[in-house]
Amino acid sequence: MKERSRVEQFERIRRDHRDEGLSIRALADKHKVHRRTVRQALEDAVPPTRKPPERTAPVLGPYEATVRRWLIEDQKAPRKQRHTARQIWQRLMEEEGASVAESSVRNLVARLKVEIGADRTQVMVPQTHPPAEEAEVDFGEFQAVIAGVVMKLFMFCLRLSHSGKAVHVAYANQAQESFLDGHVRAFEALGGVPIGMVRYDNLKPAVIRVALGRERFEHPRFIALRSHYGYDSFYCMPGVDGAHEKGGVEGEIGRFRRRHLTPVPHVGSLAALNEALAAADARDDARRIGARAETVGAAAARELPLLRPLPAEPFDVSASLSCRVDAKARVCVRQSYYSVPARFAGRRLEARLGATTVRVLDAGKVIAEHTRSLHKGTEDLVLDHYLEVLTRKPGALAGSTALATARATGAFTAAHQRFWDAARRQLGDGPGTRALVGVLLLHRTLPGDAVAAGIHGALTLGNLDPDLVAVEARRAMLTGDAPIPVSVPASASPAATIDRPAPSLAGYDQLLTPTLQEATA
């Protein structure tokens with residue numbers, strides 16, 4: 001308001017001088033101002049800026065040198081053990097006997113920090129990222145309820161720097177297999193690999209040790225992944241100083257968490273959660289970043305065709321471990337137990353630990369495959385792995401953990417239970433359970449629907465022999481609308497997988513024709 005009144009005053013002075021031709025003295029007398037002000041008004045319609053008064057600090061003045069010395073000494077002290085403005089105010093009162101307001105000390109500290117260079121604001125230089133050149137990778141934490149259990153999960157995020165297109169994958173940990181698997185899934189989702197570099201912070205799955213500058217001692221498995229896909233890596237400076245070097249993915253994780261993971265998601269499994277994250281990524285194609293004219297999806301449509309094509313085979317992210325099978329036909333992998341066929345008890349096998357699966361191999365051949373457990377100390381037991389043992393120990397089936405798991409997953413159906421109940425009533429507990437085990441063994445070679453039809457036929461006939469169940473199952477396959485293919489065992493030769501036409505006896509008529517002609521001659 002003061003500035004406006006001065007402008008209006010200058011306007012009145014200039015008007016009187018223009019319209020009435022008043023002199024400087026007359027204008028000064030009329031408007032009650034100094035002649036210097038009249039001259040300023042006549043020279044320029046805009047009043048000059050007032051010079052701020054130089055105020056002394058009679059109370060803080062004697063202590064300014066002391067505060068300056070403390071702040072300079074702070075520059076050599078650890079970051080978390082430096083003075084705050086409040087601590088300086090307290091020291092001035094306790095050690096120097098000063099009587100001054102805390103706000104005055106805060107203002108003095110702020111001014112002195114600027115003078116000595118201790119409060120330099122870091123300036124960021126805007127960057128332009130060409131299409132398909134760069135990407136950024138990081139992990140972010142979040143919580144979700146999986147199968148009724150609140151879990152802390154980790155979200156892998158790979159973001160293309162040009163378009164802002166990002167891929168998010170949830171994992172139960174930040175282990176190396178999750179880190180590598182995130183790259184494989186992200187590259188497959190994008191349909192290619194950046195032709196330039198991917199920016200990282202100093203994640204342990206990639207970096208063994210941080211050297212001077214940007215030199216890093218990298219993990220051999222990460223080097224193999226990078227070589228497989230053919231891109232370069234760029235490591236940001238450690239700590240807060242390097243966070244801005246991959247600020248795109250840092251902000252993307254926070255945005256995605258607020259947009260799609262709030263409120264806390266409730267899902268039945270980790271796979272279902274990742275399906276939801278993939279759907280959220282697809283919806284994000286319609287959003288715009290800041291004031292950009294095109295959407296993320298439109299920018300990605302230009303960028304994705306420029307990516308380097310994927311290799312013919314994806315990178316194998318699984319880690320090879322050597323595990324000994326215990327007396328319960330289990331191997332322990334990362335404090336969780338997984339079953340293998342009982343015949344391997346006591347042997348040492350190779351376990352391939354992936355981000356979401358665990359495969360157990362014997363001489364390079366897969367003998368068991370499980371979904372990786374999300375919790376420590378759990379057991380993932382397959383009933384089929386114990387069937388040979390249960391033929392000798394039928395009494396162990398009723399209370400077995402493998403049976404409880406099979407019931408929970410639906411592998412052991414109500415039809416199996418009806419057959420078991422009928423077999424025990426007709427044959428007794430031991431023989432009836434052995435009959436059930438014989439039926440369960442049929443699942444290795446026959447489809448589940450056919451075995452269920454065989455069980456129904458055996459119950460209808462009142463004969464609970466497993467061989468009869470097999471006969472009825474095959475009969476159901478032949479009389480069905482379409483023959484159900486028989487699953488080929490893993491131990492079968494490669495020739496068993498070749499499609500061959502059904503056999504025909506039509507060719508035998510050619511052999512019989514000459515014989516008939518000879519008989520009539």
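This is a predicted model: local features need pLDDT of at least 70, side-chain atom pairs count only at pLDDT 80 or more; totals for chains, interfaces and linings use all residues.
User: What is the volume of the largest cavity?

Analyst: Rolling a probe the size of a water molecule over the atoms shows where empty space is left. Here, the structure holds one cavity of 30 Å³ or more. For the largest cavity, the volume comes to about 60 Å³.

User: Which elements give two or more residues to the lining of the largest cavity?

Analyst: Let's start with the lining, which includes A166 and H168 as well as E252 and R255. Now look at where the elements lie: one spans 166–171 and another spans 247–260. The elements that give two or more residues to this lining are β3 and α9.

User: How many residues of the lining of the largest cavity are charged?

Analyst: Good one to work through by type. Among the lining residues are K165, D281, D284, D285 and R287. The lining also has two nonpolar and two polar residues. The number of charged residues is seven.

User: Which strands stand at the edges of the open sheet of four strands?

Analyst: Follow the order of the sheet, β9-β12-β13-β14, where the pairing is antiparallel. A strand at an edge has a single partner strand, so one side of it is left without a neighbour in the sheet. From one strand to the next, the twist averages 30°. The edge strands are β9 (319–324) and β14 (365–371).

Terms used
Residues are numbered from 1 along each chain as its sequence is written. Side-chain values use heavy atoms; hydrogens and water are left out. Two strands pair if DSSP finds at least two bridges between them. Axes are lines fitted to C-alpha atoms, for helices over the stretch in contact, and angles run from 0 to 180 degrees between N-to-C directions. On a 1 Å grid over the protein atoms alone, a cavity is a set of points where a 1.4 Å probe fits but cannot get out, and a pocket is an open set with protein on both sides within 12 Å along at least five of seven lines; lining residues have an atom within 4 Å of a point. Grid points are joined across faces, edges and corners, and a volume is the space filled by probe spheres set on the points. Ala, Val, Leu, Ile, Met, Phe, Trp, Tyr, Cys and Pro count as nonpolar, Asp, Glu, Lys and Arg as charged, and the others, Gly among them, as polar.
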